[in-house]
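Dear colleague,

I am passing on the structure below, and after it I set out what I found when going through it. Please read the notes with the structure open beside them.

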Amino acid sequence: MVTSCYSGNAADYREGSPVLLLESALVGMDRLAIQRIHADSGLSPLNFCEQVIAPALTVIGEKWDRGDLSLSHVYMSGRLCEEFMEEVLGGRSGSVQERRRVALAVLEDYHLLGKRLVGFVLKGAGIPYLDYGTVDVQELVRRVQRDGVRVLLISALMLPSALKVREVREALDRLGITCSIVVGGAPFRLDPALHREVGADLSCDTASQVLPALAQLREGES
Amino acid sequence: MTSMERVLTTLSHREPDRVPLFLLLSLHGARELGLTIEEYFAKAEHVVQGQLRMLKRYGHDCIYAFFHASLEAEAWGGSTIFREDGPPNAGPPPLKADTIASLTPPRIADVPGLTRVLEAQRALRQAVGDSVPIIGVVMSPFSLPVMQLGFDHYLDLIFDRPDLMHRLMEINGAFCAAWGNAQLAAGAHAICYFDPLASAKMIDPTLYRRFGRPVAQKAIAAMAGPTATHLASGPCLQVVDDLVDTGTKMVGVGGEEDLAAVKAACRGRLAVLGNLNGVQMRSWDEAATVAAVQGAIDAGASGGGFVLSDQHGEIPWQVPETTLGLIGQAVREYGRYPLAGGRG
């Protein structure tokens with residue numbers, strides 16, 4: 001989860017730190033180096049995921065955003081982190097700090113890379129979440145109500161799906177459900193004003209931005 | 001000049017009478033005919049009428065004989081999901097990695113959706129002859145697996161099973177060349193080779209050079225007509241030399257890069273197609289529309305080798321007809337060669 005030691009700003013991490021060593025290992029797809037960096041850090045798996053994995057994925061996300069890395073690097077980095085977390089935690093959720101219910105969904109699309117990338121980041125940071133897969137507006141609202149979701153993460157590949165977030169927002173408001181919506185995906189990158197147009201609370205340009213977004217929402221609640 | 005003369009002049013890196021305009025309108029014909037998008041694509045004659053009416057209405061310089069990308073997914077056993085307000089989308093990916101070894105390319109004649117496209121292209125060619133370029137579309141063998149397998153499983157394949165990846169490129173390459181040639185034989189003058197994964201934003205360029213560039217070289221060489229490679233909003237600067245090596249004649253670029261820098265990198269080697277932002281275009285007023293057209297022309301049009309278009313290769317359904325009309329008007333007023341004041 002977003003921890004007190006994690007600023008959400010990758011520039012805060014100094015050269016030679018475990019974060020940048022891990023970033024290098026992930027981009028180089030060096031599984032053994034990941035294990036070694038973990039062992040050398042002296043951190044518990046939970047602390048390692050909070051203090052090293054989450055910021056490393058953020059660095060990689062920022063580099064993708066700037067055009068210094070490809071989506072294939074982002075994907076493989078996330079996949080390696082997921083594998084590592086599965087190995088050291090055996091699928092147990094890491095976070096003790098995240099008390100809200102977080103759900104992740106794709107609206108009416110069967111192409112799920114964006115959702116999987118966000119899932120990697122959440123798992124890497126030890127944040128438990130409900131995976132709704134591909135759903136339509138009605139089903140999504142029904143599940144949010146049933147599960148008491150407080151933060152809904154929506155990945156949209158195409159513009160019509162992105163515009164449907166407006167229907168989700170309106171339906172939640174009609175039912176009086178307090179739930180923040182965080183969106184991401186190509187249409188929101190191409191038009192930075194779009195997330196406000198559809199009533200989302202925040203938009204993420206990269207999957208790793210979901211961590212500072214969750215932190216921002218949590219600060220807003222406190 | 002006819003549209004064809006204008007486009008051929010700019011493709012030879014000379015200045016025609018004005019900047020050519022490609023409004024890549026695959027969906028708006030449905031509204032033009034009062035049909036749903038699903039009804040529109042169900043009959044070739046609808047697309048023919050839609051394209052011809054839009055040509056007359058906007059006075060742009062191409063016919064876009066593209067239906068929707070999911071037709072190619074259908075050819076491999078996939079499905080199409082229609083929407084009321086956007087492009088048809090590919091349903092669940094039809095292939096699994098373990099089926100690749102025994103896979104063979106589908107026959108075009110066996111896929112009703114593809115034969116409808118060919119029927120439309122034959123009728124469009126009959127209608128306009130060689131006065132207006134008719135553009136057909138193929139998905140590149142390197143990008144098609146996103147619909148065949150799903151993007152995540154495709155990336156897994158590249159990293160975990162390069163042997164199967166090579167095999168998939170071989171099969172997809174054969175299909176791509178056959179599909180492109182079928183469209184050229186039916187009436188298309190040129191093929192748009194959609195390859196978003198060629199962009200360094202999507203795939204590490206070393207992987208593109210290992211898998212995507214070789215299959216592009218082979219497929220493009222096998223096609224009996226010119227091709228333009230479109231990166232569907234993706235940046236291209238890191239792979240311009242690679243694209244030149246594939247034999248393509250033009251590149252469709254996204255808006256994240258400086259268009260002037262792209263033009264400088266491509267000058268004399270690749271014509272540049274782009275790069276109005278279709279998503280933002282939904283809400284442009286007249287001033288914003290004119291400014292966007294002027295900005296693109298100023299950045300890219302000097303010396304020819306530039307076609308004004310959107311950045312993705314498809315203008316969203318939500319873009320109003322008035323905006324499209326304004327774009328046409330602006331390019332006719334502002335895009336005349338020689339460009340005033342040494343612009344571009």
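Where in chain B is the place of Pro338(B)? In this model, which is a predicted one, Pro338(B) sits in the segment after helix 15 (321-334) of chain B, and the bond that joins Tyr337(B) to Pro338(B) is a cis peptide bond with omega about -5°. Another cis peptide bond runs from Gly274(B) to Asn275(B), with omega near -25°, and Asn275(B) belongs to strand 8 (residues 271-276) of chain B.

His13(B), with phi near 60°, is in the loop between helix 1 (3-11) and helix 2 (28-33) of chain B, and it counts as partly exposed because its relative accessibility is 24%. Ala232(B), whose phi is about 50°, is in the loop between strand 6 (227-230) and helix 11 (240-246) of chain B, and at 15% relative accessibility Ala232(B) counts as buried.

Chain A has 11 helices and 5 strands, and 57% of its 222 residues count as buried. In helix 2 (residues 31-41) of chain A, the residues Ala33(A), Ile34(A), Ile37(A) and His38(A) are buried; they lie on the same side of the helix, because the arc they cover around the axis is only 140°. Leu32(A), Ala39(A) and Asp40(A), on the other side of helix 2 of chain A, are exposed. The cover over the buried residues includes helix 1 (18-27), helix 3 (45-66) and helix 4 (71-89) of chain A. At the start of helix 2 of chain A, a side-chain oxygen of Asp30(A) comes to within 3.3 Å of the backbone nitrogen of Leu32(A), while just after this helix Gly42(A) takes a positive phi of about 70°.

The largest nonpolar core holds 166 residues, and Phe142(B), Tyr154(B) and Leu308(B) are those with the most contacts inside it. A second, separate core has 30 residues, among them Val135(A), Ala171(A), Cys179(A) and Phe188(A).

Finally, Asp204(B), in the loop between strand 5 (190-194) and helix 10 (205-222) of chain B, is buried yet has no salt bridge, the nearest side chain of opposite charge being that of Arg209(B), 6.6 Å away. Leaving aside neighbours within four places in sequence, Asp204(B) is in contact with Ser70(A), Ser72(A) and His73(A).

With best regards

Notes: Residues are numbered from 1 along each chain as its sequence is written. Chains are lettered from A and ligands numbered from 1 in the order in which they are written. This is a predicted model: local features need pLDDT of at least 70, side-chain atom pairs count only at pLDDT 80 or more; totals for chains, interfaces and linings use all residues. Side-chain values use heavy atoms; hydrogens and water are left out. Buried means under 20% relative accessible area, exposed over 50%, partly exposed in between (1.4 Å probe, protein chains only). Helices (H or I, at least four residues) and strands (E, at least two) are DSSP runs, numbered from the N terminus. The arc is that of the directions from the helix axis to the C-beta atoms. Contact means heavy atoms within 4.5 Å. A polar contact is a pair of N or O atoms within 3.5 Å; within protein, one must be able to donate a hydrogen and the other to accept it, and residues adjacent in sequence count only if both atoms are side-chain atoms. A nonpolar core is a set of buried Ala, Val, Leu, Ile, Met, Phe, Trp, Tyr and Cys residues joined through side-chain atoms within 4.5 Å. Lys and Arg count as positive and Asp and Glu as negative; His and the chain ends are not counted. A salt bridge is a side-chain nitrogen of Lys or Arg within 4 Å of a carboxyl oxygen of Asp or Glu.
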